[in-house]
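Subject: Structure for you to look at

Hello,

Here is the structure I promised to send. Please open it and keep it beside this email while you read.

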Amino acid sequence: MRSRTTTWFECSVRYERQGENGMETKVTELYVVEALSFGDAEESITREMSSYVSGTFEVKNINPAAYGEIFFSDSPTDDKWYKTKLSFITIDEKTEKEKRTTVSFLVQASNFNGALKNIEEGMKSSLIDYVVANISETKIMDVFEINSGKAAVAAE
């Protein structure tokens with residue numbers, strides 16, 4: 001399990017894919033790319049998708065992603081992405097009241113229980129108390145890091 005904290009963008013990509021019935025159908029899929037700006041995000045998703053899509057494709061939408069961190073699994077069976085909200089618990093020194101701050105994380109896993117296990121493994125070095133507030137499966141197909149491509153990700 002490794003993690004990465006950086007600037008992420010969610011990109012919707014529309015292209016034609018051959019369906020199970022052999023017919024070409026238009027699909028729109030969601031990907032996450034590491035980028036410094038919207039322009040970098042568009043360039044990155046275009047570069048990554050050109051190696052996966054044989055025909056033409058269109059970047060339909062790009063939005064900044066509010067992930068505090070992304071946890072990548074080492075297991076080849078972990079093929080889904082889960083959005084996980086954690087509430088970090090601190091005590092306000094002036095009022096002595098409990099304060100909760102919610103942060104979203106993206107975690108790779110094969111199922112809900114795997115996502116919980118992986119987020120707990122990734123957070124085990126944290127010194128701040130937290131509560132897992134929510135875990136939900138996303139429609140994200142893949143996450144691409146800058147200058148990574150799949151070969152660099154597999155080499156790490």
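A residue counts as buried when its relative accessible area is under 20%. It counts as exposed over 50%, and as partly exposed in between. By that rule, 35% of the 156 residues of the protein chain are buried. Please note that this is a predicted model.

**The whole chain**

The protein chain holds 3 helices and 9 strands. Along the sequence, they follow the pattern β-β-β-α-β-β-β-β-α-β-β-α. The C-alpha trace spans about 60 × 30 × 30 Å along its principal axes. The accessible surface of the protein chain is about 9,500 Å². Carbon and sulfur atoms make up 48% of that surface.

Start with strands β2 and β3. β2 covers residues 8-18, and β3 covers residues 24-34. The two run antiparallel and are joined by 11 bridges. You can follow the pairing residue by residue. Arg14 has Thr28 as its bridge partner in β3. Tyr15 stands opposite Val27 in β3.

β2 and β3 also form a hairpin, with 5 residues between them. Look at Gly22 in the turn: this residue has a positive phi of about 90°.

Next, find strand β4, residues 57-65. β2 and β4 pair in the antiparallel sense, over 8 bridges. Here Glu10 stands opposite Asn63 in β4.

In β9, Asp142 is the bridge partner of Tyr31.

What is the order of the strands in this open sheet? The 4 strands run β4-β2-β3-β9, with mixed pairing. β4 and β9 stand at the edges with a single partner strand each, so one side of each has no neighbour in the sheet. On average, neighbouring strands of this sheet are turned by 30° against each other, direction ignored.

Which helix lies across these strands? Helix α1 lies across β2, β3, β4 and β9. α1 runs at about 135° to β4.

**The salt bridges**

Side chains of opposite charge can pair when their charged atoms come close. The cut-off used here is 4 Å, from a side-chain nitrogen of Lys or Arg to a carboxyl oxygen of Asp or Glu. By this rule there are 7 salt bridges.

Begin with Glu145 and Arg2. Their side chains meet in a salt bridge at 2.7 Å, N to O. This pair links distant parts of the chain, as Glu145 and Arg2 are 143 residues apart. Glu145 sits in the loop between β9 (140-144) and α3 (149-155). Arg2 belongs to strand β1, residues 2-4.

Now go to helix α1, residues 38-50. Arg47 and Glu43 meet there through their side chains, at 3.9 Å, N to O. Why are they separated by about one helical turn? Because they are 4 residues apart in α1. Arg47 is partly exposed, with a relative accessible area of 39%.

Last, find Arg100 and Glu98. Their side chains form a salt bridge at 3.2 Å, N to O. Arg100 is partly exposed, with a relative accessible area of 47%.

**Where to look again**

Trace the sheet in the order β4-β2-β3-β9. Then find α1 lying across those strands.

Best wishes

How values were computed. Residues are numbered from 1 along each chain as its sequence is written. This is a predicted model: local features need pLDDT of at least 70, side-chain atom pairs count only at pLDDT 80 or more; totals for chains, interfaces and linings use all residues. Side-chain values use heavy atoms; hydrogens and water are left out. Two strands pair if DSSP finds at least two bridges between them. Buried means under 20% relative accessible area, exposed over 50%, partly exposed in between (1.4 Å probe, protein chains only). Axes are lines fitted to C-alpha atoms, for helices over the stretch in contact, and angles run from 0 to 180 degrees between N-to-C directions. Contact means heavy atoms within 4.5 Å. Accessible areas come from the Shrake-Rupley method with a 1.4 Å probe; for residues, only the protein chains shown count as cover.
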